[in-house]
Amino acid sequence: MKLQPQIGSEGSAAWLARVATQSLITEARLSPKPGLVDSRGSGAHHDLTLELMERSAHSLSPTFHALALQSWQRPADIALRQLVGRLGREGEAQMMAATGGVNTHRGAIWALGLLVAAAAMHGCEGSSSEIAASAAKLASLPDSCAPKVFSKGLLATRRYRVPGAREEAQLGFPHIMRLALPQLRRSRQSGATEEQARLDALMAIMTSLSDTCVLSRAGLEGLETMQNGARSVLVAGGTATAQGRAALAWLDKQMLALNASPGGAADLLAATLLVDRIACDNATLTPLPQHSHF
Ligand SMILES: CC(C)(COP(=O)(O)OP(=O)(O)OC[C@H]1O[C@@H](n2cnc3c(N)ncnc32)[C@H](O[C@H]2O[C@H](COP(=O)(O)OP(=O)(O)OP(=O)(O)O)[C@@H](O)[C@H]2O)[C@@H]1O)[C@@H](O)C(=O)NCCC(=O)NCCS
Ligand SMILES: Nc1ncnc2[nH]cnc12
């Protein structure tokens with residue numbers, strides 16, 4: 001079944017931008033998330049609030065729209081890579097202007113930006129695997145216009161010799177495709193509520209991601225706490241069970257005590273919700289109401 005009506009590149013780009021923005025807002029509101037901003041509060045962050053995350057998400061709509069429009073039915077080549085890179089950097093500047101200089105969504109612009117571009121490359125008719133593969137192709141191409149900046153993420157990947165946001169994309173988003181999306185659909189099928197299925201998908205990502213936000217703030221101890229804690233939630237039966245919810249509450253406490261926040265995992269959950277929504281292999285597509293957050 002195909003949700004996206006044949007409304008051409010402009011209408012499809014607007015639709016993709018709306019779904020991407022909604023995915024960010026849905027992720028931000030989802031509760032209870034360990035260490036992260038959610039509808040309960042700011043988690044381990046002093047400079048982030050839910051209101052700021054939502055403002056940031058809305059500020060990114062024009063970026064997603066431009067990415068979709070410019071990538072429409074184009075192949076992955078250097079010209080498109082450079083264009084996507086420029087639009088992504090402009091999106092980062094828009095985010096910073098909207099938040100007064102706070103980094104709310106840099107990793108999300110990267111992941112969702114590439115996926116929106118890839119969905120448009122397939123004319124909104126790609127499967128999740130096709131979209132992830134095209135996003136990976138784009139991410140693997142060199143962008144000679146990119147300024148050389150040394151980020152916290154790069155520092156963490158070199159210090160701990162782990163993959164980061166770049167590698168996740170270049171490998172075709174394995175945490176979305178192999179862990180989060182299957183978990184989201186499995187939890188739904190086994191009767192979990194939509195919120196519980198989304199939390200379970202977040203846990204699936206957290207069992208294995210080398211999240212450079214966690215590494216920068218809390219080192220390997222933080223990363224191991226995150227991965228083991230998330231595994232305990234799923235082993236207990238996920239957040240649809242009382243034991244799973246207790247394990248999640250324990251993990252939240254641990255993450256707060258370590259000042260650790262899995263911002264990279266949160267970005268990948270938002271990206272999972274986006275792929276779930278836009279890919280042709282989603283068997284549960286329903287029309288999207290104008291102002292819903294799913
Ligand atoms: C490729 C880029 C994402 C740059 O990546 P890099 O690793 O060099 O740089 P960072 O600036 O550190 O950003 C990486 C962000 O990616 C998220 N992330 C972390 N680990 C992973 C992972 N393993 N897989 C996927 N994604 C991951 C994460 O983003 C979230 O955290 C951000 C908040 O982090 P931080 O600023 O560190 O905040 P705090 O911990 O709160 O800091 P303090 O308060 O302590 O100061 C937030 O943005 C979340 O989104 C990482 O932060 C990419 O930026 C790039 O190269 N772009 C170029 C443009 C381009 O080509 N775009 C194309 C597509 S549009
Ligand atoms: N909910 C959230 N809390 C903190 N950092 C994030 N980065 C992306 N989503 C986030």
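Which of the 14 residues around ligand 2 come nearest? In this predicted model, local features require pLDDT of at least 70 and side-chain atom pairs count only at pLDDT 80 or more, while totals for chains, interfaces and linings use all residues. Residues are numbered from 1 along each chain as its sequence is written, and chains are lettered from A and ligands numbered from 1 in the order in which they are written.

Ala28, Leu36, Val37, Gly263 and Ala266 come nearest to ligand 2, a residue being near a molecule if its C-beta atom, placed from the backbone, lies within 6 Å of it. Helices H1 (8–29) and H13 (263–278) each supply at least two residues of this shell, helices being DSSP runs (H or I, at least four residues) numbered from the N terminus. The largest share, 3 residues, comes from H13.

Around ligand 1 there are 38 residues, of which Gly88, Gly107, Gly113, Gly153 and Gly264 come nearest. Helices supplying at least two residues of the shell around ligand 1 include H4 (78–99), H11 (212–235) and H13. The largest share of the shell around ligand 1, 7 residues, is provided by H5.

The largest nonpolar core comprises 88 residues, a core being a set of buried Ala, Val, Leu, Ile, Met, Phe, Trp, Tyr and Cys residues joined through C-beta atoms within 7 Å; buried denotes 20 or more other C-beta atoms within 10 Å of a residue's own, with C-beta atoms placed from the backbone. Leu16, Leu112, Leu115, Val116, Ala135 and Ile205 touch the most other members. The largest share of this core, 13 residues, comes from H5.

Definitions and conventions. Buried ≥ 20, exposed ≤ 12 C-beta atoms within 10 Å, placed from the backbone.
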